[in-house]
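Please keep the sequence and the model in view.

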Amino acid sequence: MADFDVQCVVIGAGVIGLAVARQLVRHFPDMLILEQHAQPGTETSSRNSEVIHAGIYYPSGSLKARLCVEGKHLLREYCRQQGITYRDTGKLLVASTPNETLKLRQLAQQAEENGVLDLQHLSQSELSNLEPELNACAGVLSPSTGIIDSHALLQQLLHDAQQKGATLVCHTRITGISPRKGGGYCLQFSGQGDTGQLNCEYLINAGGLHSSQLLASSGHASPHTWWCQGRYFSLQGKSPFRHLIYPMPQQAGLGIHATLNLDNQLRFGPDTHYTQQLDYRVDAELQPLFAEAIRRYYPNLDPSRLVPDYSGIRPKLQGPRDKFADFTLIRHAKSLHLLGIESPGLTSCLAIAALAERTLLQL
């Protein structure tokens, strides 16, 4: 058997990498988790809506549908066990015009096919009673949608993995992956002015925005990952809503929706902006575009209360004109590459980790 520096390396300390590390560390207690930034979750996992999704939007039979429905139950149970804060706010999917009611019915039917069986259809008057500031002619309430403290989740997943022996190494970027003749992989890395190499038997690529590039560097064909920026504006002052509000989805995203954080701060977003730059700035000049979209379901919006907040960039296998693209797991020998893990990746993280374990170890 070949000599290895460690049995297993996980590339990427986002929520997916940490969830997979937590799941696999019982098999590989000398695991290394390599993160190119100064702390976990820097690029994508800490820059999202922090929503626990129900499993409504994804084609029936897809991994996104199955792992979201499975994952939301696992995630809530994990939060209860570990004391991670979450709240079941509920979500209102709304049709702002009669023409959108057909799409709303189609979404509700798809959700039922996905195993989401708790949706409640609401009339215009019922919506008004729930949310007086909401403009909608029909809606559906999803009570199993909620919000979570994603930072606490990241910290707990890391803690669990470290308790079983895993070690996190930050400021470490993988620059190349080479299969070894005796089995396993040689990883070239750089960090803080230094370079080196590391040998491992098992490899998990949870590199998020960089996962396709990492797969290609190992000598295998890789699908293209698109970088899609989602920008957010927050509403100064008291929120007019108690629920999350989701308009009918657009081609490459779910539309500019209204979400609450655990402090009841209302945020609008994300939009869908394909980019080639890791640029997290939010241009104040986007305010009129956001205001126009928001007024479709919140006509009393005062645009002066909208302020630029934050943005995130998600890894999509779906280009600007492409149809649905699913989560993709690619196994080569003793390596596993997780590609296109965007929304509902946060909700699905524990279910993805369990699937990764079964796939890598062929359980």
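Q: How many bridges join strand S19 to strand S20?
A: In this predicted model, S19 covers residues 328–332 and S20 covers residues 335–339. Strands are DSSP runs of E, at least two residues, and helices are runs of H or I, at least four, numbered from the N terminus; two strands pair if DSSP finds at least two bridges between them. S19 and S20 run antiparallel, and the number of bridges joining them is five.

Q: Which residue in S20 stands opposite Thr-328?
A: S19 and S20 form a hairpin with two residues between them, and Ala-333 in the turn has a positive phi of about 50°. Opposite Thr-328 stands Leu-339.

Q: What is the bridge partner of Tyr-86 in S8?
A: An open sheet of three strands has the order S3-S8-S4, with antiparallel pairing. Its edge strands, S3 (51–52) and S4 (86–87), each pair on one side only. Two bridges join S4 to S8 (residues 146–148), and the partner of Tyr-86 is Ile-148.

Residues are numbered from 1 along each chain as its sequence is written. Local features need pLDDT of at least 70, side-chain atom pairs count only at pLDDT 80 or more, and totals for chains, interfaces and linings use all residues, while side-chain values use heavy atoms, with hydrogens and water left out.
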